[in-house]
Amino acid sequence: MKRSYKFHTDRFVMIFSVIIILVGVLGVWVLYELYTGGFVSAWFSSVIIAIALLMLLSVPRRIVLLDNTLEVQCISDITEIPLDEIEHIRTIPRSKMRWMLPIIGVMGFFGYYGRFLDVRRWRTVHLYLSEWNNFVEIVTIHGSHYYLSCREAEELITTVKELQTRQPSKQ
């Protein structure tokens, strides 16, 4: 069985992304005009472009549910979570997602993704969000916490639980 759930980007994330791109382009242009022929403008432009490209490569695209694995597919990366290692999967309200600070991650540039620090519970978590809504929390038997945004959250949770009951248990 293969089921796919696409990440949907909300309006705030798109507006914020466009603003960030415009600020970056404006900064590159201003430095180009101020420091023509200098290394500062070339260095700054190269760093901004490299960071933007790295962030774009990590944007989450879809959640793919296979017979024994849940995959979070990004443009250049796939995170696999074996279904037999999922301890809990549930929806959570927006209020539980406050106080997330990026460690190695992105806030608002085409989504919220990467490793974040949950300041309330003082633990690191993995975020794969394209909107600040419809949250699904996945806790593995190893204690890893994953947060996904999925508009079909209830369907995803039901399908994962059904697939878990079909699998033979490891003992």
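Rings of Phe, Tyr and Trp, the last taken by its six-membered ring, form a pair if their centres lie within 6.5 Å; planes under 30 degrees apart count as stacked, over 60 as edge-to-face and the rest as tilted. The structure discussed here is a predicted model.

## Aromatic pairs

By this rule, the count in the model comes to four aromatic pairs. One of them joins Phe12 and Phe16, whose rings are stacked, with 6.0 Å from centre to centre and 20° between the planes. Both residues belong to helix 1, where they stand four residues apart, about one turn of the helix. Phe16 is partly exposed, at 29% relative accessibility.

A further pair is made by Phe109 and Phe110: because the ring centres are 4.9 Å apart and the planes meet at 70°, this pair is edge-to-face. Phe109 is buried, with 5% relative accessibility, while Phe110 is partly exposed, with a relative accessible area of 21%. Elsewhere, Tyr112, Trp132 and Phe135 make up one aromatic cluster.

Setting aside residues up to four places away in sequence, Ser17 touches Gly108, Phe109 and Phe110. Its relative accessible area is 0%, so Ser17 counts as buried.

Six strands form an open sheet in the order 5-9-10-8-7-6, and their pairing is mixed. Strand 5 (86–92) and strand 6 (100–107) are the edge strands, each pairing on one side only. From one strand to the next, the twist averages 25°.

| Strands | Direction | Bridges |
|---|---|---|
| Strand 7 (residues 112–118) and strand 8 | antiparallel | seven |
| Strand 8 and strand 10 | parallel | three |
| Strand 9 (residues 135–140) and strand 10 (residues 145–149) | antiparallel | five |

Why is strand 8 described as largely enclosed by the rest of the structure? Five of the seven residues of strand 8 (residues 123–129) are buried, and the strand is therefore largely enclosed.

On the side of strand 10, Tyr128 stands opposite Leu148. Leu148 is also the bridge partner, in strand 10, of Val136.

Strand 3 covers residues 69–74 and includes Thr69. Thr69 is buried, at 14% relative accessibility. The side chains of Thr69 and Asn68 are joined by a polar contact of 3.2 Å. With neighbours within four places in sequence left aside, Thr69 is in contact with Val64, Glu80, Ile81, Pro82 and Leu83.

The loop between strand 2 (60–65) and strand 3 contains Leu66. Leu66 is partly exposed, with 24% relative accessibility. How far apart in space are Leu66 and Ile51, which are 15 residues apart in sequence? From C-alpha to C-alpha, Leu66 and Ile51 are 32 Å apart.

## Cysteines

How many disulfides does a search of the whole structure find? The search finds zero. Cys74 takes part in no disulfide, and the nearest cysteine sulfur, that of Cys150, is 14 Å away. A disulfide requires two cysteine sulfur atoms within 2.5 Å. The sulfur of Cys150 is 14 Å from the closest cysteine sulfur, in Cys74, and is therefore too far away for a bond.

Are Cys74 and Cys150 buried or exposed? Cys74 is buried, with a relative accessible area of 10%. Cys150 is likewise buried, at 1% relative accessibility.

Technical notes. Residues are numbered from 1 along each chain as its sequence is written. This is a predicted model: local features need pLDDT of at least 70, side-chain atom pairs count only at pLDDT 80 or more; totals for chains, interfaces and linings use all residues. Side-chain values use heavy atoms; hydrogens and water are left out. Buried means under 20% relative accessible area, exposed over 50%, partly exposed in between (1.4 Å probe, protein chains only). Contact means heavy atoms within 4.5 Å. Two strands pair if DSSP finds at least two bridges between them. Helices (H or I, at least four residues) and strands (E, at least two) are DSSP runs, numbered from the N terminus. Axes are lines fitted to C-alpha atoms, for helices over the stretch in contact, and angles run from 0 to 180 degrees between N-to-C directions. A polar contact is a pair of N or O atoms within 3.5 Å; within protein, one must be able to donate a hydrogen and the other to accept it, and residues adjacent in sequence count only if both atoms are side-chain atoms.
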